[in-house]
Amino acid sequence: MQEFNAIETPENVELAQPLAGIGSRFMAGLLDHILLGAGVSVVGFVSLIVFAGLERWSAELAKPSWLALISLLGFAAYWGYFMGFEYFWNGQTPGKLAMRIRVTCDGGRPLGFVEAAIRNLLRPIDALLGYAVGGVSMFVTQRAQRLGDLAAATVVASEQPLDYGTSDQRRGLDFNWEPEVTAEALLASGLSPQEYRALSSYWMRCDSWSIETRARVLPPLIAPIVQRLGGPSPQAPLETLEAFVVALLQGEKPRS
Amino acid sequence: MTPARFLGVRGPAWDRLESLLSRMPRGNLNALTEAELHELTRLYPAVAVDVARARALRLDTRTLRRINALAMRAQALLYRRERRDVVGSVGRFFATDYPRLFRALYRYVLVAALLFFVGFGGSYATVVLDPDTAYSFVPGALDEVDGQRGLSAADMSERFRRMPNAPLATGVMTNNISVAFTSFGAGITAGIGTAYVLLYNGAMLGGMAAHFSNAGLPFAFWSYVLGHGLLEVFAILIAAAAGLRLGLSLVLPGRLTRTASLRAAAREAALLVLGSVPFFVIAGLVEGFVTPSELAGSWKILLGAALLGLALVYLLGKGYRLRAALIRK
């Protein structure tokens with residue numbers, strides 16, 4: 001299972017489509033089945049009252065028409081709910097809407113009727129043993145596809161708004177500056193090439209980590225460097241340590 | 001270009017795209033003026049290219065995610081499907097595409113028929129040779145009317161008359177369509193599930209036919225079954241053929257990968273099974289309204305044969321003329 005589905009746009013650019021996790025898909029399915037059950041019960045109950053009223057008027061007709069209606073309704077609910085919603089709501093059902101996930105073709109294009117039909121005609125197979133079949137399929141496929149998704153060539157994408165964060169200029173550090181190993185920088189900083197590479201790869205990645213992870217990773221990384229070259233204590237606040245890393249990478253010799 | 005300069009030059013375009021997109025949360029194009037829509041179509045490809053450049057410049061993950069998400073949202077808006085005319089495409093499907101699809105896949109229908117009749121013949125022979133085995137195929141309740149055991153033609157018509165027409169028709173219809181859909185889906189088990197459905201249903205019918213034949217009532221049985229059954233079994237065979245197509249695509253993918261082969265087969269097979277629905281509707285109406293009626297048995301059989309004949313004429317004959325016209329052009 002991956003987090004992203006790479007899609008190729010007509011502009012020949014690869015975009016990353018975030019995939020929905022098994023958890024949100026399970027919750028969406030649960031919600032849909034609850035809604036479906038509730039909807040069928042309500043309609044069945046209301047129609048029962050209506051037809052019970054009609055029975056006084058024509059006993060011959062009321063009960064058979066109610067039975068006929070119920071079997072059509074049950075059929076439409078069982079096969080039509082997912083197929084219909086996914087087709088007319090562009091890949092969403094009420095449950096998926098609530099969980100902010102959407103079915104799309106695996107190339108990122110919106111779902112068509114045939115895709116909606118295939119993935120939901122195979123739903124009863126995926127739903128065997130309480131969706132165990134579909135669940136196993138989602139675990140072992142790269143894009144978390146159940147059998148219906150594999151046959152229909154669809155994926156379920158997440159549309160949770162991403163938190164882009166605002167760390168870029170927060171501490172006056174330019175996160176977009178890219179370190180480059182030069183002989184001058186190495187000589188000036190006194191770092192070994194390995195140390196320089198370790199620090200620069202930390203710097204390139206750290207903005208996608210949480211503050212806690214950074215505070216855990218950085219001190220042991222720079223402890224031996226500080227010991228040899230001097231600098232802030234590894235117990236210093238993260239901001240001080242990261243400023244120190246930038247200074248080193250830019251070829252400044254630490255002043256002890 | 002340095003990352004900082006890139007951000008400075010391109011940042012305003014991203015902000016602009018973001019503000020345009022945020023004004024159309026439901027994808028409603030009417031929320032924008034014409035000029036803004038034009039702007040959107042120019043912004044999107046530029047931002048899509050920015051994603052590739054940002055990756056090459058190794059920009060930080062947050063910026064990358066932001067412009068990737070922007071490009072994704074714009075992409076979903078601009079490359080959406082046009083609203084199709086549903087009635088028109090369903091009409092076109094049945095007028096030309098479906099008969100052609102059937103003719104392309106008729107070999108699968110023949111294999112399905114073979115499996116069905118193997119089940120039928122096997123159980124028929126078993127029950128004729130050893131009448132006691134009948135109850136493996138026939139529900140025991142079939143032999144009882146008002147607690148009395150015994151089969152007679154009068155009992156059969158009595159049993160049918162007790163069911164009101166409409167619920168019988170819709171119940172049979174929806175049940176058969178569900179079986180059809182399931183036998184398509186069961187094809188993903190390399191066709192084993194579909195083969196089982198075919199053998200099982202064939203064996204049920206064969207067992208019942210032999211049971212009534214043993215009781216000396218073969219005509220009564222067939223006159224009740226064939227009126228709706230010819231078309232119904234034919235439709236089941238079509239649906240099962242779709243399942244077999246799905247299964248064979250996994251067993252023998254040819255030069256494709258198994259996934260690619262499954263995808264290609266699933267489209268054809270799903271259309272094949274969806275197109276069989278009208279046959280089930282017609283067969284269900286016949287079973288609900290004609291089969292229980294007082295009509296003579298031979299007329300019912302004739303009706304069943306006529307319906308099957310019409311279905312075959314439709315499936316084998318439709319859709320040629322248009323193709324010929326297209327070739328002439």
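Reader: How many residues of chain A and chain B are in contact?
Author: In this predicted model, 53 residues of chain A are in contact with 54 residues of chain B, where contact means heavy atoms within 4.5 Å. Residues are numbered from 1 along each chain as its sequence is written, and chains are lettered from A in the order in which they are written. Local features need pLDDT of at least 70, side-chain atom pairs count only at pLDDT 80 or more, and totals for chains, interfaces and linings use all residues, while side-chain values use heavy atoms, with hydrogens and water left out.

Reader: What area is buried between the two chains?
Author: The buried area is about 4600 Å², and carbon and sulfur atoms give 63% of that. Buried area is the accessible area (1.4 Å probe) that two parts lose on being put together, summed over both.

Reader: And how many salt bridges are there across the interface?
Author: The rule finds two, a salt bridge being a side-chain nitrogen of Lys or Arg within 4 Å of a carboxyl oxygen of Asp or Glu. One salt bridge pairs B:Arg263 with A:Asp106, with 3.0 Å between the closest N and O atoms.

Reader: Which element gives the largest share of chain A's side?
Author: Helix H2 (59-88) of chain A gives nine residues, the largest share of the side that touches chain B. Helices (H or I, at least four residues) and strands (E, at least two) are DSSP runs, numbered from the N terminus.

Reader: Where is A:Leu69 found?
Author: A:Leu69 is found in helix H2 of chain A. Beyond residues up to four places away in sequence, A:Leu69 touches A:Ser47 and A:Phe51.

Reader: Why does A:Leu69 count as partly exposed?
Author: A:Leu69 counts as partly exposed because its relative accessibility is 38%. Buried means under 20% relative accessible area, exposed over 50%, and partly exposed in between (1.4 Å probe, protein chains only).

Reader: New topic: is A:Ala153 buried or exposed?
Author: A:Ala153 is buried, with a relative accessible area of 15%. Its phi is near 60 degrees, a positive value in a residue other than glycine. Most residues other than glycine have a negative phi.

Reader: What pLDDT does chain B average?
Author: Chain B averages 84, and 88% of the residues score at least 70; pLDDT is the predictor's confidence in each residue, from 0 to 100.
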